[in-house]
Amino acid sequence: MSFFDISHLSCRFDVKDENGDVLMTNTAVDDLSTRIEKGTFTAILGTNGSGKSTLARHLNALLVPDEGTVIVDGMNTADADNLLPVREKVGMVFQNPDNQIIASVVEEDVGFGPENISVPTDEIWKRVADSLQRVGMTSFRRYSPNKLSGGQKQRVAIAGILAMKPQCMILDEPTAMLDPQGRRSLIDTVVELNHREKVTIVLITHFIDEAVRADRIIVMHNGTIRMDGAPRTVLQDEQKLAQLGLELPQAAKLGAMLREGGIDLPAGILDGRELTDEIIKAWKRAGH
Amino acid sequence: MSVLRFEDVSFEYAGSNGELPVKALDHVMFSVEKGEFIGLIGHTGSGKSTMIQHMNGLLRPTSGRVLLMDKDLADGSWTRQQICAHIGLVFQYPEYQLFAPTVLEDVMFGPGNLGMSEEEARRHAEQALERVGIQEDKYERSPFDLSGGEKRRVALAGVLAMEPEILVLDEPGAGLDPAARRSLMELFMQLSHEGITVLCSTHSMENIAEAASRILVVDKGRIVMDDTPAAVFSRIGELEALGLAAPEMTYIMRDLRAAGIPVDLTALTVEEAAQAVLKAFGKQAGQDGERR
């Protein structure tokens, strides 16, 4: 059985004028159907306004369908009795950590979630310590969150979700505020959670290089799924990605420019390391 | 004359619950000339945002001075209003500060506060909205009905409408898709060409390598490097030790050179890198990737 079963989901927002009259209706998600399997790592790519965040908010019942159904591990999110169990199973990390932190001390913030689901006190402290360590924030546990930087707060927010031990974690552009190493180590943490603890991961992102490590990439545009498959397959179609407003990683662009310039390189290279190796091979083939 | 100068600036946040104060800035010294495009890079928590909040007097140094056109921001030489007229500060996620019922009114708020007549404020607002690419049919819409990228542009227009001489940007591209991010960066480069001084903090080494004329690297509240992008990004090992990275092209050039391919190590952008590799292979590069 699939963990998420989304069937003919549509979501519309009315744009209203000052008097509350409807000016126009925006369709954020448009008759979308897909399944996401337990234990997989799925990346959802798309530009601003493609509908990917709206879809994500349906996955833990922050939004419930106007039309269509969303089933989470056998539970229909349209049934109000299922809201709490769904949100316990599916943790969500947002882009801006300032909107997710509520306590005045870091460790209390991380403990808030498990406390709310009646985890025994000893166990809460164990989970808090463990979660903070996994995001590298142990030395800040007594700090006030408002004295932390954006990236540090994001780590605290992630620790707060880890402490809930969710079966699935949805991350909505979690690296938007992080520095390059913070970005890499966050993605490493996510990959590890998926591989080692079999947490189902849905990563929403603009950045193709973050999506490369997923099992499956879904590309959204105007509220519909436009591409869906393994990273290698999806990312091979450079033209279509560009049409959908996505930019290839710099290494891929360089590879394409060098091929155009007459250097003999294979198509579809995404990674800088791989490109470097291929350029060196081409250099040797050219008789140097 | 420098337009903005930090003179031995230190800043401490008071400690809570009897803890020691946190030193966020530690003897920071630099000066900015008119028309420069400065990139501020540093890992999260390095002190970039604290530094930025000193640039328009939102925070005042625990010791040292911040000078705008050679006059101290903190000693009463400048009124709040004068500071805002000179320095436009765009915070992280500026769209959270949108508040007015319509886009146009929101952008007019800043110039209105500087004492402009309604007509003048409207003219400034319309110019700024045009600059950031918001079409006229959106002027009477609620800013909250716009997409994330559009909201960001409206918030930026609110600052541009005050016609600041210095534009200070704290992670302006965070959360935008790569195309939107690049078009914002292009706007800042254009403003810089028109003589506006730009200081921009970012985590995107690729974007800033292309845009900035000078880069300040911040670590533990201190400035540890202050140089051209090419010089700063050639120090890959040191940057990594600080939790940073160089643009992806820099790594590729370094590894190619190590393998014996004679490429130009200072190539930072994709265009420059392509040119460097094609040249090494003895192929004609299509266009010249000249850097300004």
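A:Asp73 and A:Lys38 form a salt bridge in this predicted model, with the closest N and O atoms 3.5 Å apart. The two residues belong to distant parts of the chain, 35 residues apart. A:Asp73 sits in the loop between E4 and strand E5 (75–76) of chain A, and A:Lys38 in the loop between E2 and E3 of chain A. With a relative accessible area of 16%, A:Asp73 is buried, whereas A:Lys38 is partly exposed at 49%.

**Salt bridges**

Over all chains, a search of the whole structure finds 37 salt bridges.

| A:Asp73 | A:Lys38 | 3.5 Å |

A:Arg216 counts as buried at 18% relative accessibility, while A:Asp228 is partly exposed, with a relative accessible area of 42%. In the chain B pair, B:Arg235 is partly exposed at 31% relative accessibility, and B:Glu238 is partly exposed at 41%. Salt bridges with shared partners also join A:Glu247, A:Lys253, B:Arg182 and B:Glu186 into one network.

**The six-stranded sheet of chain A**

An open sheet of 6 strands in chain A has the order E6-E7-E8-E3-E9-E10, with mixed pairing. Strand E6 (90–93) and strand E10 (224–229) of chain A are at the edges and have a single partner strand each, so one side of each lacks a neighbour in the sheet. From one strand to the next, the twist averages 15°.

E6(A) and E7(A) run parallel and are joined by 4 bridges; A:Val93 has A:Leu171 in E7(A) as its bridge partner. Strand E7 (residues 168–172) of chain A pairs with E8(A) in the parallel sense over 5 bridges, and A:Asp172 stands opposite A:Ile204 in E8(A). Between E7(A) and E8(A) the chain passes through helix H6 (residues 180–197) of chain A, in a right-handed β-α-β crossover. Strand E3 (residues 41–45) of chain A also pairs with E8(A) in the parallel sense, over 5 bridges, with A:Ala43 opposite A:Leu203.

How many residues of strand E8 (residues 200–205) of chain A are buried? The count is 6 of the 6, so the strand is largely enclosed by the rest of the structure. In a regular strand, side chains alternate between the two faces of the sheet. A:Thr200, A:Val202 and A:Ile204 point one way from E8(A), and A:Ile201, A:Leu203 and A:Thr205 point the other way.

**Other pairing in chain A**

Strand E1 (residues 4–16) of chain A pairs with strand E2 (residues 22–36) of chain A in the antiparallel sense over 10 bridges. A:Asp14 has A:Thr25 in E2(A) as its bridge partner. E1(A) also runs antiparallel to strand E4 (residues 67–72) of chain A, joined by 5 bridges, and there A:Ser10 is partnered by A:Glu67.

**The interface**

Chain B contributes 49 residues to the contact and chain A 46 residues. The two chains bury about 4200 Å² between them, 61% of it on carbon and sulfur atoms. Across this interface there are 2 salt bridges.

Helix H10 (residues 248–258) of chain B has several buried residues, including B:Tyr251, B:Met253 and B:Asp255. The cover over the buried residues of H10(B) includes helix H10 (250–260) and helix H11 (272–285) of chain A. Just after H10(B), B:Gly260 takes a positive phi of about 95°.

Notes: Residues are numbered from 1 along each chain as its sequence is written. Chains are lettered from A and ligands numbered from 1 in the order in which they are written. This is a predicted model: local features need pLDDT of at least 70, side-chain atom pairs count only at pLDDT 80 or more; totals for chains, interfaces and linings use all residues. Side-chain values use heavy atoms; hydrogens and water are left out. Buried means under 20% relative accessible area, exposed over 50%, partly exposed in between (1.4 Å probe, protein chains only). Two strands pair if DSSP finds at least two bridges between them. A crossover is right-handed if, with the strands pointing away from the viewer, the path from the first strand over the helix to the second runs clockwise. Axes are lines fitted to C-alpha atoms, for helices over the stretch in contact, and angles run from 0 to 180 degrees between N-to-C directions. Contact means heavy atoms within 4.5 Å. Buried area is the accessible area (1.4 Å probe) that two parts lose on being put together, summed over both. A salt bridge is a side-chain nitrogen of Lys or Arg within 4 Å of a carboxyl oxygen of Asp or Glu.
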